[in-house]
Amino acid sequence: MTLPLTTPPERICLLRLSAVGDISHTLPVVRTLQARWPETRLTWIIGKLEYSLVGDIPGIEFIIFDKARRWHSLREIKQALTGRRFDVLLHMQMSLRASLISTLVRAPIKLGFDRKRAKDMQWLFTNHRIAYRPRQHVIDSFFGFTEALGIDERVLRWDIPIPDHARAYAQTHLNHDKPVLVISPCSSMAYRNWTVDGYARVADHAVTHHGVQVVLTGGPSRIEREYGEAITGRMHHAPTNLIGQTDLKQLLAVLQQARVVIAPDSGPAHLASAVGTPVIGLYACTNPDRARPYLSGEYVINRYDEAVQARYAKLPEQLPWGIRVKEPGTMERITVQDVTQALDRLLAQPLTRSDN
């Protein structure tokens, strides 16, 4: 069997464990495979948390890796894969942990990233590689896998199921007489977080000028809870603080009902795109051309270029793709006016959306 494929494969194994944002980026690839080869059986090896987001998608067998249980979970995956053979493995994660798992998958074609982009020696664990394309958004790079298989079309659709209990949660906490502004203030990397004062001032502006309900969302970590409390304490109009109070499905339901989301480079920003909600993305530490909310490029606040030039005395195109600026104060390059102007412009547009 060689690439590109000339006939539909019987079985494909997809290996992408984490994180939530990249799982969202992977879904259009999955939808493209399902649309082109509806009879092909798909198996997805995925992280435990990420499974809670997408594990109820019909037509996919999921094998869960629980990083908290490490070797025990690896033994379970080995047992689940014993005696099984796939036509293709899509090795879509550049990490030694994922590559170790890839050795448990029997497939004549193990497709990974090209040598220029592959990290953590991923090329040692694959025998085919996607074509090199410079300076791509993550979603575009993932579509390199379907292109290598011989699929030229792209199905830009997510269709993550939202169960009734999650919709009921959103109904309970959202005021449906007002547009909802969701602020998800934190990223998994603290250096990407904007300022408490900035979020609070933008939120008050949104309430005063647009009559919105401000909803704060985030996970249960200490820094996220402290951010939520600090933003609430700075605001003149009390927000609805749901930080630490939602699972991923409930968060998705809240994001789907929002009129707009404000967030740094983070999983919730990409989940909002997955359900068709526009995002004002806050980017100074990471490159929005690589990792912006895919459907909301026109609303990105981009201070990345100037941050790179200040840190490295070079233009972004002169440096490795995706290089980050982690110096304290980098996100403070984004001003309150930057964000309120984007918010005013977005809210002035008619509400048109198609849920994905």
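R157 is partly exposed, at a relative accessible area of 32%; by partly exposed I mean between the two limits of buried, under 20% relative accessible area, and exposed, over 50%, with a 1.4 Å probe and protein chains only. D159 is partly exposed too, with 30%. The side chains of these residues, R157 and D159, meet in a salt bridge, 2.4 Å from N to O. The term salt bridge here stands for a side-chain nitrogen of Lys or Arg within 4 Å of a carboxyl oxygen of Asp or Glu.

Before the rest, a word on the basis. This is a predicted model, in which local features need pLDDT of at least 70 and side-chain atom pairs count only at pLDDT 80 or more, while totals for chains, interfaces and linings use all residues. Residues are numbered from 1 along each chain as its sequence is written, and side-chain values use heavy atoms, with hydrogens and water left out.

Back to the charges. Side chains of opposite charge can pair when their charged atoms come close. How many salt bridges does the structure hold? The count is 19. One of them joins R16 to D22, with the closest N and O atoms 3.1 Å apart. R16 is buried, at 9% relative accessibility, whereas D22 is partly exposed at 23%.

Next, E226 and R222, a salt bridge with 3.0 Å between the closest N and O atoms. Both residues lie in helix α8, residues 222-234, and they are 4 residues apart, about one turn of the helix. Helices are DSSP runs of H or I with at least four residues, strands are runs of E with at least two, and both are numbered from the N terminus. E226 is partly exposed at 39%, and R222 is exposed at 59%. Elsewhere, salt bridges with shared partners link R303, E306, R333 and D338 into one network.

Now the sheet. An open sheet of 6 strands runs in the order β9-β8-β7-β10-β11-β12, with parallel pairing; two strands pair if DSSP finds at least two bridges between them. At the edges are β9 (240-241) and β12 (301-302), each pairing on one side only. Strands β7 (residues 180-183) and β8 (residues 213-216) run parallel and are joined by 4 bridges. V180 has Q213 in β8 as its bridge partner.

Helix α13, residues 336-347, packs on the sheet and touches β7, β10 (260-264), β11 (279-283) and β12, contact being heavy atoms within 4.5 Å. The direction of α13 makes about 160° with that of β11. Axes are lines fitted to C-alpha atoms, for helices over the stretch in contact, and angles run from 0 to 180 degrees between N-to-C directions.
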